[in-house]
Amino acid sequence: MTSELDIFVGNTTLIDEDVYRLWLDGYSVGDAVALRVRSGILEQTGATAAVLQSDTMDHYRTFHMLERLLHAPPKLLHQLIYQIPPSRQALLIERYYAFDEAFVREVLGKKLSKGTKKDLDDISTKTGITLKSCRRQFDNFKRVFKVVEEMRGSLVDNIQQHFLLSDRLARDYAAIVFFANNRFETGKKKLQYLSFGDFAFCAELMIQNWTLGAVDSQVDDMDMDLDKEFLQDLKELKVLVADKDLLDLHKSLVCTALRGKLGVFSEMEANFKNLSRGLVNVATKLTHNKDVRDLFVDLVEKFVEPCRSDHWPLSDVRLFLNQYSASVHSLDGFR
Amino acid sequence: MPGKLKVKIVAGRHLPVMDRASDLTDAFVEVKFGNTTFKTDVYPKSLNPQWNSEWFKFEVDDEDLQDEPLQITVLDHDTYSANDAIGKVYIDIDPLLYSEAATVISGWFPIYDTIHGIRGEINVVVKVDLFNDLNRFRQSSCGVKFFCTTSIPKCYRAVIIHGFVEELVVNEDPEYQWIDRIRTPRASNEARQRLISLMSGELQRKIGLKVLEMRGNAVVGYLQCFDLEGESGLVVRAIGTACTLDKLSSPAAFLPACNSPSKEMKEIPFNEDPNPNTHSSGPSTPLKNQTYSFSPSKSYSRQSSSSDTDLSLTPKTAPYPQGPRIYLCPSSPSLSCGSLHLKKSCLLLSESSLPPHHSSLVSPVLRKSVSFSEELFLAASGMGSGSAGKEGGPFKALLRQQTQSALEQREFPFFTLTAFPPGFLVHVGGVVSARSVKLLDRIHNPDEPETRDAWWAEIRQEIKSHAKALGCHAVVGYSESTSICEEVCILSASGTAAVLNPRFLQDGTVEGCLEQRLEENLPAGCGFCHIPYDELNMPFPAHLTYCYNCRKQKVPDVLFTTIDLPTDATVIGKGCLIQARLCRLKKKAQAEANATAISNLLPFMEYEVHTQLMNKLKLKGMNALFGLRIQITVGENMLMGLASATGVYLAALPTPGGIQIAGKTPNDGSYEQHISHMQKKINDTIAKNKELYEINPPEISEEIIGSPIPEPRQRSRLLRSQSESSDEVTELDLSHGKKDAFVLEIDDTDAMEDVHSLLTDVPPPSGFYSCNTEIMPGINNWTSEIQMFTSVRVIRLSSLNLTNQALNKNFNDLCENLLKSLYFKLRSMIPCCLCHVNFTVSLPEDELIQVTVTAVAITFDKNQALQTTKAHVEKSLQRASTDNEELLQFPLELCSDSLPSHPFPPAKAVTVEKTSPMGEGNFRNRSAAPCANSTVGVVKMTPLSFIPGAKITKYLGIINMFFIRETTSLREEGGVSGFLHAFIAEVFAMVRAHVAALGGNAVVSYIMKQCVFMENPNKNQAQCLINVSGDAVVFARESELEVVSTQQPAANCQPACTGGEVTT
């Protein structure tokens, strides 16, 4: 006796959160059944393995059919085929677009192209995330990227509007899209200690301050591309390190202001020229695409690592940087 | 030219990409009704076109309005080649044709293609202007309301329940026409869908005409079925119960039913009043009185309205020309059998071929496809006027005579209802059923479906005579079904023999006072259990006792019925779903030989199904079955029997005895030990079940009841045995216990299997209950969460082990596993009850068994459910009384609110509507309709006739839809499961969309009548046909209702008024 066909269709589509998670995590039906058995569900409900198998298959089939709609979440809201309560719809969407930290760190800043997709095998082995799940996450990134790529208006708003994500998830996607667009290098060994959250924080500030949108809110691509004029203007900062007098003046201004406030004052004083040169060099090179990509590598090499080797506490770094940029305003030519 | 249909195509959305180059679509729409077609402009390059078309107007006969569906086709314009069809929407405009239903159809409909499924949606607005027609010889029956619900719909009151209406129409199946060889599958499917739509329209119209002829205004319990007879054609048949219904909105509706002629006269205006709404918007008010010839005014002569020659209310007595070709089950009275004598010998033959050792168990109440001898007939019919019960005897006899005379005018005193107004059901006799095996033959002349008519007439006649033999003059809970395999067809009919109160059957006659006195004699809660037949002259051997409730009348020890549990019945504990499952192998054969083989197997199957039911009932410690439905399915090489019912413990019936096992081989120690082990197991199970279902009847000592009526010899006689011929049947001495124990003999492995299978049925997990009736006895505190579902399973049998036992086991496992899966899936709803569990078995191929289940899971409040039985009874009484109060309060509120402002609240709305020539007043309901623009409104679906925690405020019309889906890329669509899962989801979606467009928010009495699935995995193809129906309704939560009820009068009138102002 073999089951040829076995289906269950409810007027309200049944969504089992646990099975949904297993499906999203890319487990096969067999693996999912095994995992569910291990969770002790059979003992709780008195069901048999066959029942569990049938139930899992059924949910998988439902999710597979819903997947097409999840690719364009507004469709899920307006479609008539599956009657799903709004709270469940939101859950389906949010979970579908959720991603793994380990995975996103692997692809952050990479071009969302076929080439990268081919590397998913390696990422899967490296991270322990199933290939299926990697594909879903990658495709999500790519889909969101494609949709908002050439759109006007705020990046976060656009993502929220077209994918109905929560504010938090929409911000994360904005960061992913922003990084992918500008191809920032994040995979270098030196950068491994940085979390996705760290990059997302940077992305948000860069979107706010460095993009076209920061200047003019009515241009295409406004939050995606860095403002070329702004980068060009950064070249002018060269004077801060090239002009000996200006460098000294800058240093003295910073030192005066921070004296007694910094635990690592002497180290800072000794290193000021190096640090300043490093920062300014990173900034002035940003007109070249190659150097834009290496922004984070350069920042870590030229600024973070020296600080770290002198054991700067975070608060001191913050104080220094604030003072460093504030003092510039009182210099000639920057007023 | 009595009607104008107006259609507007508003917009489309989510259309599929039809032009790969641009990833867009140039869509336009064709609107077709009858032979007229309109087109919209092409809306270029969009997946969300906004056509905003003009109003397309069709001027048509109302006959066409009833028959034809509105057909909307969405196409992709192509300059160089033929336009590609995207999909179609069929809209049944019937709900717009009668009053009190929907006034406009407006909303988003899924665009459906039989090959691709749903492809986007289209927004359509449909309206109908009806002009009144003077012609009383008309063919249309606009205005007759149809309900699938098998009880009096919630917001109506039955003035008269007229009785049985039936009709069938036949046609060639387009799939089997020669043209099918050259046309595409899509064209063929669409031809079929359209034809069936047309045929059901026609059928409904013809039934409506019959109702008008009976002077009714509605059909309740309308059941329409398709028989796909393959080569020989397509039959669409329907049965229903004609009624005169009165809307429960006027205060007059709360007057007691017509007890005197004068009251009856008073009520006529109320019957007429709602009717003008039917033809509301036409400017023809003066014609009103002539049009409604069907209002139950007495002076009207009957002949004047019966001009339709198609109608045949008289029995078809024409001799059947093809006699020899028809083979019948030996038990059905057949024309081809010729003489009674022959039939009798036939019966005797089947009798004597019964294995004698099977003869031990019998129910006195279940009446299967067994014929009665002439003597019995006489006895039964003589009984009607003879002495009946001891108490109230003369009244009872009188009552019976009156009712009988009322019913005798009818050819078939059948009622498709399963629940009745209080006082309607007087006594219940038991289940009556009949089956017959027929050979299908090509229908030569579709206009004369007489062969099929004659077949059904035969079966109905048999049912009628069975009921008569049980001392009953009517059959309630009546249904018909077929099972077809190749050219063999089994026709089945079943119902419950009953004695009815004549009050509802005829317009007010004399016996008002008499009845009341009679009713006083009938104690509540047990009256229907009392035997209707004469105890001294019983039609079959039965074990009678005095009623455990009133101790005055006789009751049988077990009661089987096809109806729902009467609301006033006193039940102890909870009920449960009981199923009997059975397979029998059959040799493959052709035509006549095949029919004979099936005919020979049928009695054995019936017998065994019945035995299983009885055993399982005893095992549960219960004594009555409700909602019994026995389905016999025929396949190439086997027959399947599946009986489902809800077992309960009726307080009025005696406590069931246990089951005793008797071994045949004596003097074998180990064997005996085994037997006693089994016995213990059975006893334990019974005890456990009693606890599980909370069956703890009050102990009554024998003396009070009086000793059971001594019937030493007849007690254990086989039912099918006739009074004479069964004398040679071996009798067992069963008198070794105090109670009449049920004895199971174990004499071979077969019997062993049977006992084992009895014990393998696992009870549902705790927190779950299941039943196949509307409500679960013993649970009455439903919460509002419901989940309707359909589950389908197909298993392939390995051809190696095809023995009856293996087959039985497979089938049993299939059903049990399916139930287990349901319990698991719905575990989040615990505590909950699966209600109206409806199993359907089909045998699509040689080794395939398909089981389809539709049911609804309803949660209930656990705390209240755990109360004791006594509290339950009190509670239900309380409930009943509060219900009454509510009913009374509701209209009063309405009046007090509306009276000051509008002197004639109901009339006002109507007149305003009439003054607006364009019928803009029709929009008055739209404000209530869920706006489908932003988010999709929720539409509930349920097989029950009610929605827990809510009140149905309006019936919008019947939903009856037929879909075909086919694929040539089965693997790509996820295999058979993926294909069918998607299709069923789409069917649900289309039903919901239609209901929403009618302005409704639920479908009640939903049923999936057919789900025919065929696959050909080698060709990567599959096809499925689904037929569903139900009643579209508007419901309001009870909590919201108070607000609504106070607001409604204003809300109803205001938009109507403004509508009138705008247009005038």
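The side chains of B:Arg584 and B:Glu608 are joined by a polar contact of 2.7 Å, a polar contact being a pair of N or O atoms within 3.5 Å, where within protein one must be able to donate a hydrogen and the other to accept it, and residues adjacent in sequence count only if both atoms are side-chain atoms. This is a predicted model, in which local features need pLDDT of at least 70 and side-chain atom pairs count only at pLDDT 80 or more, while totals for chains, interfaces and linings use all residues. Residues are numbered from 1 along each chain as its sequence is written, chains are lettered from A in the order in which they are written, and side-chain values use heavy atoms, with hydrogens and water left out.

B:Arg584 lies in strand β19 (residues 571-585) of chain B, strands being DSSP runs of E with at least two residues and helices runs of H or I with at least four, numbered from the N terminus. At 14% relative accessibility B:Arg584 is buried, where buried means under 20% relative accessible area, exposed over 50% and partly exposed in between (1.4 Å probe, protein chains only).

Turning to the interface, 50 residues of chain B are in contact with 35 residues of chain A, contact meaning heavy atoms within 4.5 Å. The area buried between the two chains is about 3,800 Å², with 60% given by carbon and sulfur atoms; buried area is the accessible area (1.4 Å probe) that two parts lose on being put together, summed over both. B:Phe824, B:Lys825 and B:His981 supply 21% of the area that chain B buries against chain A, more than any other three residues.

Between chain B and chain A there are 5 salt bridges, a salt bridge being a side-chain nitrogen of Lys or Arg within 4 Å of a carboxyl oxygen of Asp or Glu.

| Pair | Closest N and O atoms |
|---|---|
| A:Arg168 and A:Asp172 | 3.0 Å |
| A:Lys273 and A:Asp248 | 3.7 Å |
| B:Arg186 and B:Asp113 | 2.7 Å |

A:Arg168 and A:Asp172 are separated by about one helical turn, because they stand 4 residues apart in helix α12 (residues 167-182) of chain A. A:Arg168 is exposed at 58% relative accessibility, whereas A:Asp172 is buried at 10%. In chain B, B:Arg186 is partly exposed at 24% and B:Asp113 is buried at 0%.
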